[in-house]
Amino acid sequence: MDNLTKISILLAEDHDDTRVAMAKLMRLQGFVVHEARTADEARRLAESNRYNLLVSDLGLSDESGESLMSELHSRYGLIGIAVSGHTSRERVDGAGRAGFSRFVAKPFHFPSLLAAIRELTN
């Protein structure tokens, strides 16, 4: 998808400052971004909106990002980018098994996140 302004992203991040910063940077790139603090909130948004991509922290306050990705991928075919400060091989592999297509380490480097978004949505 070449026109990045048509990309709709569901952002699930429970750390308020991180979520606000990520959403702001993505919006500056022209993406449509809906923010969720919890997996439950993300699930409700996914039920009523169509997204191109899920960007999710793996350590959400109410459940794991892996279980959220697995469910949203299964229900809606959603693809995703995992974001986490825990970068062990087991965590990265687990994110992949849950359906995440890319993994970006925290503290996130926005050009890396942007490259992953572009790669998955082109």
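**Entry 1: R43**

I started with R43, which lies in helix α2, residues 39-48. Helices here are DSSP runs of H or I with at least four residues, strands are E runs of at least two, and both are numbered from the N terminus. Before going on, I noted that this is a predicted model, where local features need pLDDT of at least 70, side-chain atom pairs count only at pLDDT 80 or more, and totals for chains, interfaces and linings use all residues. Residues are numbered from 1 along each chain as its sequence is written, and side-chain values use heavy atoms, with hydrogens and water left out.

Is R43 buried or exposed? R43 counts as buried, because its relative accessibility is 13%. I took buried as under 20% relative accessible area, exposed as over 50%, and partly exposed as in between, with a 1.4 Å probe and protein chains only. I then listed what R43 touches, leaving out residues up to four places away in sequence: E63, L68, E71 and R75. A contact means heavy atoms within 4.5 Å.

**Entry 2: the whole chain**

I counted 5 helices and 5 strands in the chain. Along the sequence they follow the pattern β-α-β-α-β-α-β-α-β-α. The radius of gyration is 13 Å, close to the 14 Å that the globule rule gives for 122 residues, so the chain is as compact as a globular protein of that length. That radius is taken over C-alpha atoms, and the rule is 2.2 Å times the number of residues to the power 0.38. I also looked up the extent of the C-alpha trace: about 35 × 30 × 25 Å along its principal axes.

Buried residues make up 43% of the 122 residues. Of the contacts between residues at least 6 apart in sequence, 61% join residues at least 24 apart. The chain exposes about 6,100 Å², and carbon and sulfur atoms supply 49% of that area. The areas come from the Shrake-Rupley method with a 1.4 Å probe; for residues, only the protein chains shown count as cover.

I checked the charges next. The mean positions of the 15 positive and 17 negative charges are 5 Å apart. Lys and Arg count as positive and Asp and Glu as negative, while His and the chain ends are not counted. Each charge is placed at NZ of Lys, CZ of Arg, CG of Asp or CD of Glu.

**Entry 3: strand β4**

I looked at I81 and A82. I81 sits in strand β4, residues 79-84, and A82 is in strand β4 too. I81 counts as buried because its relative accessibility is 0%. A82 is buried as well, with a relative accessible area of 0%.

What does I81 touch, not counting residues up to four places away in sequence? I found L53, L54, V55, S56, F100, R102, V104, L113, A116, I117 and L120. With that exclusion, A82 touches S56, L58, A95, F100, R102, F103 and V104.

I took two C-alpha separations here. A82 and A95 are 13 residues apart along the chain, and their C-alpha atoms are separated by 6.7 Å.

L11 is in strand β1, residues 8-12. L11 counts as buried because its relative accessibility is 1%. Leaving out residues up to four places away, L11 touches R19, M22, A23, M26, V33, H34, E35, A36 and V55.

V20 is found in helix α1, residues 16-28. V20 is partly exposed, with a relative accessible area of 48%. V20 and E35 are 15 residues apart along the chain, with 8.3 Å between their C-alpha atoms.

**Entry 4: P107 and T121**

Where is P107? P107 is found in the loop between β5 (100-105) and α5. A cis peptide bond joins K106 and P107, with omega at about -5°. Most peptide bonds are trans.

I ended with T121, in helix α5, residues 110-121. T121 counts as buried because its relative accessibility is 9%. Its side chain reaches the backbone oxygen of I117 at 2.7 Å.

Technical notes
A polar contact is a pair of N or O atoms within 3.5 Å; within protein, one must be able to donate a hydrogen and the other to accept it, and residues adjacent in sequence count only if both atoms are side-chain atoms.
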